[in-house]
Amino acid sequence: MIYFFASALINFVSSFGVSLLVFIKNRKRSTNQWFIAFASSVALWAFGYGLWQLSVNESKALFWIRLAMFGSILIPVTFSEFIIRLVRRDNNFKFIRIINFFILFPLLAFSFTPLFIQKVRPIMN
């Protein structure tokens with residue numbers, strides 16, 4: 001369990017740190033804003049994942065894994081938006097961008113409900 005928490009902690013610190021660095025350096029560029037969103041999504045996922053590993057009861061574990069899944073749902077959309085802006089092809093990928101957001105919002109809406117994750121249980125001692 002400590003290994004999983006340690007890897008989550010490393011992911012959280014590095015993702016949060018790099019997003020903070022880009023935020024401080026130049027947060028006004030669209031490319032940087034989407035990179036900050038991407039890195040923050042990874043940090044949110046790692047934060048929830050790490051605290052899920054440390055949870056001692058079912059209700060807290062369920063909350064933290066749902067938070068981790070909330071962050072993981074954001075990762076593909078924020079990464080694709082960052083890459084589209086990085087290569088300066090905003091107009092070429094409008095359909096993909098619309099589909100991304102069309103899928104994103106319903107998944108986010110269900111991420112904290114039993115329709116997404118019903119329960120958690122320990123599988124390793």
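Two helices count as roughly antiparallel when the angle between their N-to-C directions is over 145 degrees. The model discussed here is a predicted one.

Q: Why are H1 and H2 called roughly antiparallel to each other?
A: Helix H1, residues 2-26, and helix H2, residues 30-54, pack at an angle of about 155°. The cut-off for the term is over 145 degrees, and H1 and H2 are therefore roughly antiparallel. Their axes lie 8 Å apart, and the crossing of H1 with H2 is left-handed.

Q: What classes of residue make up the contact of H1 with H2?
A: The contact has 18 nonpolar residues and eight polar ones, with no charged residues.

Q: Why is serine 41 called buried?
A: A residue is buried when its relative accessible area is under 20%. Serine 41 has a value of 3%, so it is buried. This residue belongs to helix H2.

Q: Which residues does serine 41 touch, not counting those up to four places away in sequence?
A: Serine 41 touches Gly71, Leu74, Ile75 and Thr78. Contact here means that heavy atoms lie within 4.5 Å.

Q: What makes a set of residues a nonpolar core, and which residues form the largest one?
A: The members must be buried residues of the listed nonpolar kinds, joined through side-chain atoms within 4.5 Å. The largest such core has eight residues: Ala8, Tyr49, Ala61, Leu62, Ile65, Ala68, Ile117 and Val120. Helix H3, residues 58-86, supplies the largest share of this core, with four residues. A second, separate core has seven residues, including Phe35, Ile36, Phe38 and Val42. In soluble globular proteins, nonpolar side chains tend to be buried together.

Q: Which residues are in contact with valine 120, leaving aside its neighbours within four places in sequence?
A: Valine 120 is in contact with Trp52, Glu58, Ala61, Leu62 and Ile65. Among these, Ala61, Leu62 and Ile65 are also members of the largest nonpolar core.

Q: How do you know what order of elements the protein chain has?
A: The chain has four helices and zero strands. From the N terminus on, its elements run α-α-α-α.

Q: What share of the protein chain is buried?
A: Of the 125 residues, 34% are buried, the cut-off being under 20% relative accessible area.

Q: What share of contacts between residues at least 6 apart in sequence joins residues at least 24 apart?
A: The share is 68%.

Terms used
Residues are numbered from 1 along each chain as its sequence is written. This is a predicted model: local features need pLDDT of at least 70, side-chain atom pairs count only at pLDDT 80 or more; totals for chains, interfaces and linings use all residues. Side-chain values use heavy atoms; hydrogens and water are left out. Axes are lines fitted to C-alpha atoms, for helices over the stretch in contact, and angles run from 0 to 180 degrees between N-to-C directions. Helices (H or I, at least four residues) and strands (E, at least two) are DSSP runs, numbered from the N terminus. Angles under 35 degrees count as roughly parallel, over 145 as roughly antiparallel, 65 to 115 as roughly perpendicular and the rest as oblique. A crossing is left-handed if the near helix is turned anticlockwise from the far one by less than a right angle, and right-handed if clockwise. Ala, Val, Leu, Ile, Met, Phe, Trp, Tyr, Cys and Pro count as nonpolar, Asp, Glu, Lys and Arg as charged, and the others, Gly among them, as polar. Buried means under 20% relative accessible area, exposed over 50%, partly exposed in between (1.4 Å probe, protein chains only).
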